[in-house]
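Hello,

Here is the structure we spoke about handing over. Please look through it first; my notes follow below.

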Amino acid sequence: MPNERVTENLVRDALRDLDYYKNENDIVVEEQKSQIEAVKWLLKDGSKSGGGGRGAPEFIISSAGTPDFLLIIECKADTKHHESPKRNDPVHFAVDGVLHYAGKLARDFNVIAVAVSGQSKSSLKVSTYIQAKGAKTFKPLTTKSGKEIHQLLSWPDYIEYGTFDPEVTQRRLDDLMAFSRELHEFMRDHAKLTESEKPLLVSGTLIALRNVPFAKSFSDYTPEELQRQWLRVIKEEINKADLPNSKKNNMTQPYSSIAVHPELGKATKAYPRGVLNELIRMLNEKVWPFISAYNDFDIVGRFYGEFLKYTGGDKKALGIVLTPRHIAELFTLIANVTPKSKVLDFCCGTGGFLVSSMNAMMRQAVTDAQRKRIKEECLIGVEQQPNMYALAASNMILRGDGKANLYQGSCFDPAIVKAIKGHGCDVGMINPPYSQSDEDLHELVFVRDMLNCLKKGGTGIAIVPITCATAPHPVREEVLAHHTLEAVMSMPGELFYPVGTVTCIMVFTAHVPHAESDRSTWFGYWRNDGFVKTKHRGRVDLDGKWPSIRDRWVKAFKNRDEIAGLSVKQQVTPEDEWCAEAYMETDYSTISQEDFEREIKKYVVFRLLNEHDANGTDANGDEEQE
């Protein structure tokens, strides 16, 4: 007679062989019940019989390092009771039962649900499913190659395959985006930090959490002592990282003001251990697992970018507009970045271009020697603002192995320029400060000097205000005297939303005079990237259009295709306009009656509003006062 206890023992033996019970890990294996409050609450009416009583699977497995995942296992003695035809009999069948519990637990967790049946190791039958947090249904858990899983795996393997699931990834992203708002509001209401201090506290805390003793003991310190320990550990981790060319004291100095901030170093009624302790706890719980357990730096980067949107005051005052992630990735494709490339970011900000370039290189790298060279020699950045420099350096440290050559100081400093040229960069990327009143700091001045630092024949790419392409400026003549303007792409008008800067991308070949090239420049009309504005998340690729749009753009650029409504070629001089709109013919065949009527309505509204303004009234119809 088959015995379910035999099946359970086989599962225990397998879990033991897979290191689930090792003392040194943080995996907790519970049976028939759980000490996790959320699990107890979710299963309070989880009985498989449908009677409304408490129920639980045979095994509930969790890990503090990956708190959003649960692994549950349901056992049946006989393989005949592995799965019912309709999966609607949770009392008598393993698959039905484990999916019943997964549906309950998926309200708060990503659930990996495993059904096991059989009486011997060789005859054991295993089915594996995943139900993402918040999802209404389950699906088979597969490997990265798409194969279904029919054996028990180690915890890291389950997490790797579960993390790869697109539903899990999207849910995690949604949760982190929501947390970025929550974190900003908490800092605003309780920490009283300046706009420039907020991202430093986030990056500094994530660096500090790399230190395992600090991560385990930060709640043991008094509020005042915690501030001192926080700064000490950051300095220790920065010294360990050994970033080339970095000035250690300059990098740690921006964090010093937080270490003495009065609001962070005192206990309050709401937070008796202090506000800093609560902030560290939140980041440790919500963000740190993506670095320590999931190695999902892409999602962390998106969280960080979202958080920075809420701390825009200081960046805007400095004319600094952070490059959207998908545009940083687009730069790597335009430049055809490979493991052999050396990439310079002349105004690196938080390091977005360097991170995208490193990702592109590492995806193509084959040997350890290539990977080592990429990390140590192929990423070069310059940043003048101390806070931004600290954020860029921390960005590389948090990736564990990126060791970009980061220089702090002015990109016009002769000593820094000389050092940069010594790297022999063949790709340059820049998103310069915008709208500087000093003509010596015009956007094209930054572009010119970036191009001057590249090897002959190198590719320089800049994203700049569209006025750089349409308005006369003496630097345009200087740039074309030494470099070739290969392409200009007009970008979406709200690309930097909520900042209202309309931009274009310029692509140059360095140290080949434009006149000597004697060929047409390619102009792209890239006004629609598929992103839409949403109420709480800013511009997002809501319908998943970006990958196909990106591929179409890049293909047209590389082939220098002339496509009606998308691109055109034209020989230009410094005096000409450098934008597609000046040369591209309208493809009337693509315009519908609806498009025509919509544009006419816009024009009528425009005329009405402007006529009101001309008559001395504002948009509300009120008389404007002198």
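**What was found**

The accessible surface of the protein chain is about 29200 Å², and carbon and sulfur atoms account for 50% of it (Shrake-Rupley method, 1.4 Å probe; for residues, only the protein chains shown count as cover). This is a predicted model: local features need pLDDT of at least 70, side-chain atom pairs count only at pLDDT 80 or more, and totals for chains, interfaces and linings use all residues. Residues are numbered from 1 along each chain as its sequence is written, and side-chain values use heavy atoms, with hydrogens and water left out.

The chain has 626 residues, and 50% of them count as buried (under 20% relative accessible area; exposed is over 50%, partly exposed in between; 1.4 Å probe, protein chains only). There are 24 helices and 17 strands (DSSP runs, numbered from the N terminus: helices are H or I with at least four residues, strands E with at least two).

The largest nonpolar core has 99 residues (a core is a set of buried Ala, Val, Leu, Ile, Met, Phe, Trp, Tyr and Cys residues joined through side-chain atoms within 4.5 Å). Helix 17 (residues 386-398) gives the largest share, nine residues. Another core, of 41 residues, lies apart from it; Phe 346 and Cys 453 are among its members.

Trp 230 and Phe 303 are among the residues that touch the most other members of the largest core. Trp 230 is also one of the buried residues of helix 8. Beyond four places in sequence, Phe 303 is in contact with residues including Leu 176, Leu 183 and Val 287 (heavy atoms within 4.5 Å).

Best wishes
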